[in-house]
Amino acid sequence: MNDEDVETSLWRRLVLNRFVLVPAAIAIAIVVWNIYVSTHNHGLVAGRVVDPAGQPVSGATVVLWVLNFTTYVEKTRATTDSTGRFVITDNDSHNIRLAAEKPGVGRSPRVPVRLYFRAQDIEVREPLTISGAS
C-alpha cells in the first residue's frame, strides 16, 4: 500500500461517515424545502363546486374562513365560473375552511383545509358539494 492510497482512504473516511452525511442530508432537505415553499406561497386556493349529481354549479359564492386564535372568521369570497371553478388569490393563513353557497340551490358544509405553511398554493382535490335549498 502506498501513501496515495492511505490519503484517499483517510479522506473518504472523513467525508463519507454518518457524522458528515447525516447533517449534510438534513441541510439539503432544509434547502430543498425552503425552495419549494418560496415557489409555492402565493396564497392561491382553487377548486370546484358541484351539485349532488356532480354537475358544476356556476355563480356560487365560495367563502374562505381563517383561524383567528380560537374561532374561524370570514376572510374573503369568490364566485364560481361556468365550469364551477373558483380561485381565491389572497390567502395568507395555514389553517382554513371553505364553504360554498348559492341562493335557491343550497350550501355546502365548511370543509377544513390544513396547509403545511402560510399562503401555500393549493388545488382542493374534493369539490365542494352544494345540497339542500337555502
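## Aromatic cluster

W33, Y36 and F117 are linked into a cluster by ring pairs, where rings of Phe, Tyr and Trp (its six-membered ring) pair if their centres lie within 6.5 Å, with planes under 30 degrees apart counted as stacked, over 60 as edge-to-face and the rest as tilted. By this rule the count comes to 3 aromatic pairs. One of them joins Y36 and F117 in an edge-to-face arrangement, at 6.2 Å centre to centre and with 90° between the planes. Because Y36 lies in helix 2 (residues 18–39) and F117 in the loop between strand 7 (111–114) and strand 8 (122–123), the pair ties together parts that are 81 residues apart in sequence.

Y36 is partly exposed, with a relative accessible area of 35%, whereas F117 is buried at 10%; buried means under 20% relative accessible area, exposed over 50%, and partly exposed in between (1.4 Å probe, protein chains only).

## Basis of the model

This is a predicted model, in which local features need pLDDT of at least 70 and side-chain atom pairs count only at pLDDT 80 or more, while totals for chains, interfaces and linings use all residues. Residues are numbered from 1 along each chain as its sequence is written, and side-chain values use heavy atoms, with hydrogens and water left out.

N95 belongs to strand 5 (residues 95–102), strands being DSSP runs of E of at least two residues and helices runs of H or I of at least four, numbered from the N terminus. N95 counts as buried, at 17% relative accessibility. Leaving aside neighbours within four places in sequence, N95 is in contact (heavy atoms within 4.5 Å) with W65, V66, L67, Y72, V113 and R114.
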